[in-house]
Amino acid sequence: TVKMAHTKVYSASENSEHSKILVQVMPSGDCQMNVEKRFSGMFYDEMLPLFLADAQKQRLGLLQTIHLPTFQLQKFSFSEEKKVLPVIDSRMEVVVPRYATQIGNMMLLRLFPLAGGNSNDFRTNHRYADILIRRSYSRIDTVVFQVPKGFSIAKLPAEKKIATAFASYSLSGIKKGNEVIFTRKLIMRKGTYPASENDNFSKFFDEANKLDGSRMVLTKK
């Protein structure tokens with residue numbers, strides 16, 4: 001006999017993309033970035049074709065994930081863990097000339113160097129259909145900045161949280177010695193939401209994108 005069964009519905013914590021970026025800031029404003037990413041659930045499925053591709057296609061695929069005007073991808077690698085919930089890990093070493101904007105004795109650094117922006121398809125006044133989020137998922141980014149000698153932290157962005165029925169976003173930062181650690185969390189919740197929520201969706205993504213562009217200010221001692 002043939003029995004129909006539902007495929008497993010993954011939670012936001014299982015459909016996840018986690019990244020950790022170590023940023024070594026040079027006094028010149030150049031940066032060396034070591035990037036580690038872990039993909040599970042729906043993100044594992046999306047990354048699997050790239051994981052199985054040859055090195056040239058892998059390199060081209062990774063280049064498309066780096067939203068910076070100037071950079072050099074020096075090294076990269078992939079690995080897979082075949083577990084009940086399999087994961088794919090990627091690692092990159094990226095050099096970014098003049099990542100910091102220098103104004104006088106100040107150095108401004110964007111907190112999330114690889115954030116490409118959250119797509120906002122809700123900028124319309126003419127939505128009639130309900131809004132469907134098919135899967136819950138999470139994107140969590142941790143960025144560790146190593147502050148160069150001769151510089152001090154002048155300003156950190158304030159902690160921020162946005163909470164709605166369909167999503168949440170948070171941004172926080174702490175200082176530990178000569179390092180500053182920022183964490184950004186985006187969680188989307190599956191469901192069907194009325195068309196009247198369109199403006200709230202648009203405002204949420206606009207605010208999240210604005211926060212993704214937040215900057216830290218360093219000053220030369």
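The structure is a predicted model, in which local features need pLDDT of at least 70, side-chain atom pairs count only at pLDDT 80 or more, and totals for chains, interfaces and linings use all residues. Residues are numbered from 1 along each chain as its sequence is written, and side-chain values use heavy atoms, with hydrogens and water left out.

**Overall architecture**

The protein chain contains 3 helices and 14 strands; helices (H or I, at least four residues) and strands (E, at least two) are DSSP runs numbered from the N terminus. Its C-alpha trace spans about 75 × 45 × 30 Å along the principal axes. Of the 221 residues, 43% are buried, where buried denotes under 20% relative accessible area, exposed over 50%, and partly exposed in between (1.4 Å probe, protein chains only). Among contacts (heavy atoms within 4.5 Å) with a separation of 6 or more, 72% link residues 24 or more positions apart.

The accessible surface amounts to about 12800 Å², and carbon and sulfur atoms contribute 51% of that area; the areas come from the Shrake-Rupley method with a 1.4 Å probe, and for residues only the protein chains shown count as cover. There are 33 positive and 21 negative side chains, with the centres of the two sets 4 Å apart. Lys and Arg count as positive and Asp and Glu as negative, while His and the chain ends are not counted; each charge is placed at NZ of Lys, CZ of Arg, CG of Asp or CD of Glu.

Buried residues in α1 are Met 42, Phe 43, Tyr 44, Met 47, Leu 50 and Phe 51. The buried residues of α1 pack against β1, β2 (31-40), α2 (55-63), β3 (72-81), β4 (87-96) and β8 (137-146).

Beyond its neighbours within four places in sequence, Met 33 contacts Ile 21, Leu 22, Val 23, Met 92, Glu 93, Val 94, Val 96, Tyr 99 and Pro 113.

**Individual residues**

| Residue | Relative accessible area | Class |
|---|---|---|
| Glu 17 | 13% | buried |
| Cys 31 | 2% | buried |
| Arg 98 | 61% | exposed |

Glu 17 belongs to strand β1 (residues 16-25). Sequence neighbours within four places aside, Glu 17 is in contact with Lys 37, Arg 38, Phe 39, Phe 43, Ser 138, Arg 139 and Ile 140.

Cys 31 lies in strand β2. Not counting residues up to four places away in sequence, Cys 31 touches Val 23, Gln 24, Val 25, Val 94, Val 95, Val 96, Tyr 99 and Leu 109. Cys 31 and Ala 53 are 22 residues apart in sequence, and their C-alpha atoms are 29 Å apart in space.

Arg 98 occupies the loop between β4 and β5 (101-103). Its phi is near 50°, a positive value in a residue other than glycine. Most residues other than glycine have a negative phi.

**The β10–β11 hairpin**

Strands β10 (residues 160-163) and β11 (residues 167-176) run antiparallel and are joined by 4 bridges; two strands pair if DSSP finds at least two bridges between them. The two strands form a hairpin with 3 residues between them. Within this pairing, Ile 162 stands opposite Tyr 169 in β11.
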